[in-house]
Amino acid sequence: KYWGRFDGITTRAIKAMVYLTWASPRFNPGNDISRWDSAAVNAKKVIDFKLTVDNVKNGFNPVTQMNWFNPNFPGIVISSRYNASNDAMERMFYPGGFQGNGVIGASQELVDAFPMKNGYPINDPANRGNYDPANPYLNRDPRFYSTIFYNNVQAKKNNTGVLMYTFENWSNGGKDAAGVRSDNCLTNYYIKKFVYMGLNWSDASIGRLPHSKFFIRWAHMCLTFAEAANHVVGPNDASRY
């Protein structure tokens, strides 16, 4: 009966994010450490809640793989209501050649923000990431391959060997490139994150799963805490928190 309503732990998560913004250089030129501390304290309350109160049978477990298609996934702090057996997200993200609408594509800035698999940025001055502009998608952070459909990558059903579609995003005429058709995205990249890889509209029986928007997750609070606590005590002092 409380589906979709803000509960106490959700308000703590929102406070953590608000304090994190308030502590940032844009709003905190004097670097008031108490603001970072407030962000860390509230984020840790969410982290601890999930690890204790919410860590019941079939409840939250931090090592359980993220499931974007389970509207009751225990890692969720707050989400939208879900649409059952839905393919709107896939329609929105796939190109026209794969029966999508190409409404939203990933930007080049987002693609470039993914580091190399060794953790170094692609533009590291010493080139410790070993980035090759002629082969820009090689040896990138694994999250890149879970998030972006890029030129010549294949969409494989349920991430197995069953080929569903091959993206052709090169800008001078690939079938999925911007401007080739009106239902291609304008960035020459397509989004894989949130897409159910078991859906293929060419199947005799089309599989669809629920979709909802996870506004805040436990992982967000881990990142918020790490950033805030690092400003207060550094990365190695566990005494305060």
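User: What is a salt bridge here, and how many does the structure hold?

Analyst: A salt bridge is a side-chain nitrogen of Lys or Arg within 4 Å of a carboxyl oxygen of Asp or Glu. Side chains of opposite charge can pair when their charged atoms come close. This is a predicted model, and eleven salt bridges are present in the structure.

User: Which side chain does Arg-143 meet in a salt bridge?

Analyst: Arg-143 pairs with Asp-141, at 2.8 Å from N to O. That value lies within the 4 Å cut-off, so the pair counts as a salt bridge.

User: Are Arg-143 and Asp-141 buried or exposed?

Analyst: Buried means under 20% relative accessible area, and exposed means over 50%. Asp-141 has 10% and is therefore buried, whereas Arg-143 has 53% and is exposed.

User: How should I read the salt bridge between Lys-175 and Glu-168?

Analyst: The N to O value is 3.5 Å for this pair. Lys-175 is partly exposed because its relative accessible area is 30%. Glu-168 is also partly exposed, at 24%.

User: Which residues are linked in a network of salt bridges?

Analyst: The network links Asp-87, Arg-91 and Arg-208. Within it, Arg-91 forms a salt bridge with Asp-87, and their closest N and O atoms are 3.7 Å apart.

User: What is the relative accessibility of Arg-91 and of Asp-87?

Analyst: Arg-91 has 26% relative accessibility, so it counts as partly exposed. Asp-87 has 14%, which means that Asp-87 counts as buried.

Conventions
Residues are numbered from 1 along each chain as its sequence is written. This is a predicted model: local features need pLDDT of at least 70, side-chain atom pairs count only at pLDDT 80 or more; totals for chains, interfaces and linings use all residues. Side-chain values use heavy atoms; hydrogens and water are left out. Buried means under 20% relative accessible area, exposed over 50%, partly exposed in between (1.4 Å probe, protein chains only).
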